[in-house]
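Please find below a colleague's note on the structure under discussion.

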Amino acid sequence: MTAFDPTRYLPDDLLARIRERAPIHDRENTFPQQDLDELRDAGYLSILVPVERGGAGLGLAEAAILQQRLAGAAPATALAINMHLVWTGVAKVFSDRGVPGLEFVQDGAVAGEVFAFGISEGGNDLVLFGSDTAAVPDADGGYAFTGTKIFTSLAPIWTRLGLHGLDTTSADAPKLVFAFVERTDAVTTSDDWDTLGMRGTQSRTTRLDRAVADAAHVVRRIDQGPSADPIVFGIFSVFEILLASVYTGVARRALELAVATAQTRRSKKSGATYSQDPDIRWRIADMAIAYDALPPQIAALARDVDERVDHGPRWFPALSGLKHRAVTMAKSVVDEAMLVAGGGSYFSGNELSRLYRDVLAGMFHPSDPESAHATAASAWLGPVEA
């Protein structure tokens, strides 16, 4: 079996250009359009689409490796592209399991469409399991969505927004409705993305005023709450694994920068490089030990999704735990890298300063620390007694 070569899909010269542009987009608070254009031209938007539909036919395990590599060059670009890859990954989960309904996502990705992720809502801690967005059915099987979505990455440029809303008017209501809408006058994108880090994602607020998804783009109608439906498993598994990949890629880059600094900085006291200092060596070793645990964990869970392994209810604590460990590990590694690099890393133009700000975004993505711990506690202790 031939080893997977990530440079085939993310060559070194492309990564170098993306890395060079990353501080500009961070400083100017702009979307990395040129990154997207080059990634689209390289076929990156369709890496998870089967070969028979025109894609690269990669699995989630390979996509996770690529996202770690991309995040090492530009975390915000990787996080933005993640949201498109989530939908193409869900489409792969569907097609691998013989579930129809998302072929248009695969075909659209091959054609160059960009799919954004419209699930998050202010104050909605149910996330996938509920929605404050109204989904009103029409006579033709479509739905009109009215509500506000937050943290909509790719906001300036997406062509279709995958979202959910709550149908409270049908005979079998309430039902959660998952569908895709196009960018029309019924969709307003606010210019409100001015954040501490991950600035290039441009994850702006999106307001929907009767935005229509026709019947062909209504994917699922399911009951509220936890569900075994493939739309829930597909979103949760791909989202958590690819998020873990991005933050693991950030950690790898911080470790590389710390090593490079230790090998070049010299002590005025001893004249030796910092790589010979026992305290610095311990610190970098601690970073490496923490980092080394995550890529194999990501690879194992991603392969299990690809190979349709049935972990039953253990899937959810495994996935939320993976994301939580990746983020906490990455934050710790970046912290340590800042200390190795010294005071120069505190300046805003330093790459480690940007990584320090970017990595903080990880705590806000689902599953947040409270949710991850509640999920693990329920798995081991059972639900909280009423």
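**Note on the model**

1. Ser367 sits in the loop that links H10 to helix H11 (369–381); helices here are DSSP runs of H or I of at least four residues, strands are runs of E of at least two, and both are numbered from the N terminus. The peptide bond between Pro366 and Ser367 is cis, with omega at about -5°. The coordinates are a predicted model, in which local features need pLDDT of at least 70 and side-chain atom pairs count only at pLDDT 80 or more, while totals for chains, interfaces and linings use all residues. Residues are numbered from 1 along each chain as its sequence is written, and side-chain values use heavy atoms, with hydrogens and water left out.

2. A cis peptide bond also runs from Ala173 to Pro174, where omega is near 0°. Pro174 belongs to the loop between strand S4 (160–167) and strand S5 (175–182). As background to this point and the next, most peptide bonds are trans, and most residues other than glycine have a negative phi.

3. Val127 has a positive phi of about 50° and lies in the loop between strand S1 (115–118) and strand S2 (134–137). Its relative accessibility is 26%, so Val127 counts as partly exposed; buried means under 20% relative accessible area, exposed over 50%, and partly exposed in between, with a 1.4 Å probe and protein chains only. Phe151 likewise has a positive phi, near 50°, but Phe151 is located in strand S3 (residues 143–152). With a relative accessible area of 48%, Phe151 is partly exposed.

4. On the overall fold, the protein has 11 helices and 8 strands. For 386 residues, a compact globule would have a radius of gyration near 21 Å, and the value of 21 Å for the protein agrees; the radius is taken over C-alpha atoms, and the globule rule is 2.2 Å times the number of residues to the power 0.38. Along the principal axes, the C-alpha atoms fill a box of roughly 80 × 50 × 45 Å. Of the 386 residues, 53% count as buried. Among contacts (heavy atoms within 4.5 Å) between residues at least 6 apart in sequence, 74% join residues at least 24 apart.

5. Helix H10 (residues 351–359) packs with helix H9 (residues 315–341) at an angle of about 160°, and their axes are 10 Å apart. Axes are lines fitted to C-alpha atoms, for helices over the stretch in contact, and angles run from 0 to 180 degrees between N-to-C directions. H9 and H10 are therefore roughly antiparallel; angles over 145 degrees count as such, those under 35 as roughly parallel, 65 to 115 as roughly perpendicular and the rest as oblique. Their crossing is left-handed, meaning that the near helix is turned anticlockwise from the far one by less than a right angle, whereas clockwise would be right-handed. Ala330, Val334 and Met338 are among the H9 residues that meet H10, whose contributions include Leu352, Leu355 and Tyr356. By class, this contact of H9 with H10 has 9 nonpolar, 1 polar and 2 charged residues; Ala, Val, Leu, Ile, Met, Phe, Trp, Tyr, Cys and Pro count as nonpolar, Asp, Glu, Lys and Arg as charged, and the others, Gly among them, as polar.

6. Helix H1 (residues 12–28) packs with H10 at about 65°, with the axes 11 Å apart. The contact is formed by Arg19, Ala22, Pro23 and Asp26 of H1 together with Glu351, Arg354 and Arg357 of H10. These residues divide into 2 nonpolar, no polar and 5 charged.

7. Helix H6 (residues 230–264) packs with H9 at an angle of about 20°, and their axes are 8 Å apart. H6 is therefore roughly parallel to H9. The residues of the contact of H6 with H9 divide into 26 nonpolar, 4 polar and 2 charged.

8. In helix H5 (residues 103–110), the buried residues are Phe104, Val105, Gln106, Gly108 and Ala109. They pack against helix H4 (75–96), S1, S5 and strand S8 (218–222). Gly108 has a relative accessibility of 4%; leaving aside its neighbours within four places in sequence, Gly108 is in contact with Glu113 and Phe115. Just after H5, Gly112 takes a positive phi of about 100°.
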